[in-house]
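Please open the structure in your viewer and keep the selection tool at hand. The tour below goes from stop to stop, saying what to select and what is there.

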Amino acid sequence: MAELTYRDAVARGIAQEMARDPDVIFFGEDVAKAGGVFKATVGLYEQFGPKRVRDTPISEQAILGAAMGAAMTGLKPIAEIMFSDFVAVCFDYIANEFPKSRYMSNGQLKCPLVVRTGNGAGSRFGAQHSQSVENWCMMIPGLKVVAPSTPRDVIGLLAASVRDPDPVIFLEHKSLYAMKGEVPDGEIVDTLGTASIIRPGKDATILALALMVPRALAAAEKLKAEHGIDCEVIDVRSLVPLDTQTILGSVGRTHRLFTVEENPRLCGWGAEIVSIVADEAFYDLDGPPVRITTPHIPLPAADILEDMVLPTPERIAETIRRSLQS
Amino acid sequence: MPKTPGLAQAVVTPVVNDDIGEQLRLKLYHSQMLIREAEQRAFDLFLQNLVKGTSHLSLGQEAIAAGFAEAMRPGDLSFCTYRGHAHTLARGVSVEKVLGELMQRDNGLMRGKGGSMHLTSTEHGVMGSYAIIGAHLPIACGAALRAQYKGHSDVSVCFFGDGTTNIGAFHEALNFAAIWKLPVVFVCENNLYMEYTPIGEVTAVEHPAADRASAYGLDRIIIDGNDADIVYRTASAAYARARAGHGPSLIECMTYRHSGHSRADPAKYRPEGELERWKQHDPVVIYRERLKQFGISEAAIAKIDEDVRREVDEATEACKKAPMPPADILFTDVYADGGWAWRN
């Protein structure tokens, strides 16, 4: 067991898979010699060499297209898109190419690749370098979408993504890179499509993803300490595949549902889950499901403004308290 | 008479020599005739409402598909656009599989799940037909990266139209291929029209592909794309260069689309006489004459024509009899487990 940052866990996860499988290659902008702009890939170039760890030009379409071509012919590429906002400039691959090639070819083509990308707010980078784009990816049939919240999950879910035969969008949260966590020694391989109940509770279910997970946990502790409200916190971890059973099971025990989403309001992942719960567990609910999200606005740059719009432990706790006590 | 862009350059006739040989010439002719007849049949079936959706024909552009495919080795990979029937047939995929897909039947290449614009046959090295302009150039780079990484000798060959040269992915892919010296050959089929618009009206240079080559340290290569011998020789040289580790090539093939952009397009925007002039430079007619020049008998040529027509007729009848795709394939192959489940 060692304490590792989320950032170092990325490098360890990639190294684990590259050491295991010579068909795993890794490329992106500034990822090799510089070790990544977030320093999440330091040491990989030195360990695996320039043939397997490559710096690319600023060509997001070429990065993802090349990853796809390599994947469909037998490699297991990991491609980095530096900021998740930039998937908008190569969205053709994410929306049209990766996820549809297997279906359109009646199963002839495969696309086993991982796109790692820095997602989310908190760095005061403004509206084009801070977004949470998980919903852009979640809506596309054929993709898998994963977003870890701890160093251990980074390694385990990254390994599972690399070994997965389908295209996976792997969203690393920029504001979690410095976060530390206990990580077991040796190989770690997790399972996609499994949510984690990270705090059991009986009064309400809180679903969260990535940076919202520690905030939801803090909110749960606050609700317990200040109001005696006992919340169950679930780290969703994987939007596709979605572990609906864990969520429905929890709602069946707590009878209330809250989602905590960093994304802007419209079409957030929480809306999909709320609709599933409404369809399949409506009579388990003792009150309305509530979504706690960033408002439907572009993100501001100023720290004081950005802090006002992302869900905070205080806002999460207050929303839940008011809803439960109304 | 209005100037026909490209034609003057295209009709510079090659020195005729016999480096290609009779056996290969017969194959090149057969391939072009097969594409000609199959594409014409696709058009006829469209008029009968038996070809559904859209279709983009390569009538008039057969020599490019035939020449590049015949110069390939098994294992070389083709990446096509939505105008990809010709390249798919040229790699040896049966007419029935192609027409079946166009007719959206269960006997189609992808059982109707892909359609005319996405013909794919991995067993023939046809790694997909891509309907988003430019998307497949980076994908071909990735396949070439795999070949380079694994030490394989296959070449990735990427076909696209003149219109593709104005999209970003074209430039990203060329730079990528050049900096990593990837074994990929980019083939621009310059048929003078970007869909409905003359390419010259929307492009900063006269030759949309070749005039950009120097920006990526590549040779400026323009050939007569209607002469299968020239195409074959150019392809062979580019493949040899790629296999030798000398990196990518960009080849602009001058040609002309006898039909409109897609089935919906009667091509009324073409200046009067242009089509007729290009029909004087029809690749199939050129090649028939070429065969005769090399002493191949009219009877031997007629035999190929007859075989091809029979094959296309038989394929047509088989497709007409083929069932429609069953509903149970709707939910297969979204994910690698064979299904479509996104939740438990």
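A residue is called buried if 20 or more other C-beta atoms lie within 10 Å of its own, exposed if 12 or fewer do, and partly exposed in between, with the C-beta atoms placed from the backbone. Helices (H or I, at least four residues) and strands (E, at least two) are DSSP runs, numbered from the N terminus. This is a predicted model, in which local features need pLDDT of at least 70 and side-chain atom pairs count only at pLDDT 80 or more, while totals for chains, interfaces and linings use all residues. Residues are numbered from 1 along each chain as its sequence is written, and chains are lettered from A and ligands numbered from 1 in the order in which they are written.

**Stop one: a helix of chain A**

Select residues 6-20 of chain A, which form helix H1. Its end C-alpha atoms are 21 Å apart, which agrees with the 21 Å that 15 residues should span at 1.5 Å a residue, because the expected span is 1.5 Å times one less than the number of residues. H1(A) is mostly covered, with 12 of its 15 residues buried; among them are Tyr6(A), Arg7(A), Ile14(A) and Met18(A).

**Stop two: the domains of chain A**

Now colour residues 2-183 of chain A as domain 1 and residues 196-325 as domain 2, bounds that come from an automatic or database domain assignment. The C-alpha centres of these two domains of chain A lie 26 Å apart. Where they touch, 27 residues come from domain 1 and 22 residues from domain 2, two residues being in contact if their C-beta atoms, placed from the backbone, lie within 7 Å.

**Stop three: where the chains touch**

Show both chains next, and find the contact that takes 40 residues from chain A and 35 residues from chain B. On the side of chain A, the elements that give two or more residues are helix H3 (60-72), helix H4 (91-104) and helix H8 (244-254), and H3(A) gives the most, with nine residues.

**Stop four: a helix of chain B**

Finally, select residues 95-102 of chain B, helix H5, where eight of the eight residues are buried. Val95(B), Leu99(B) and Leu102(B) are among these buried residues, and what covers them includes helix H2 (22-47), helix H4 (85-90) and helix H12 (298-321) of chain B. Following H5(B), look for Gln104(B), whose phi is positive, near 60°.
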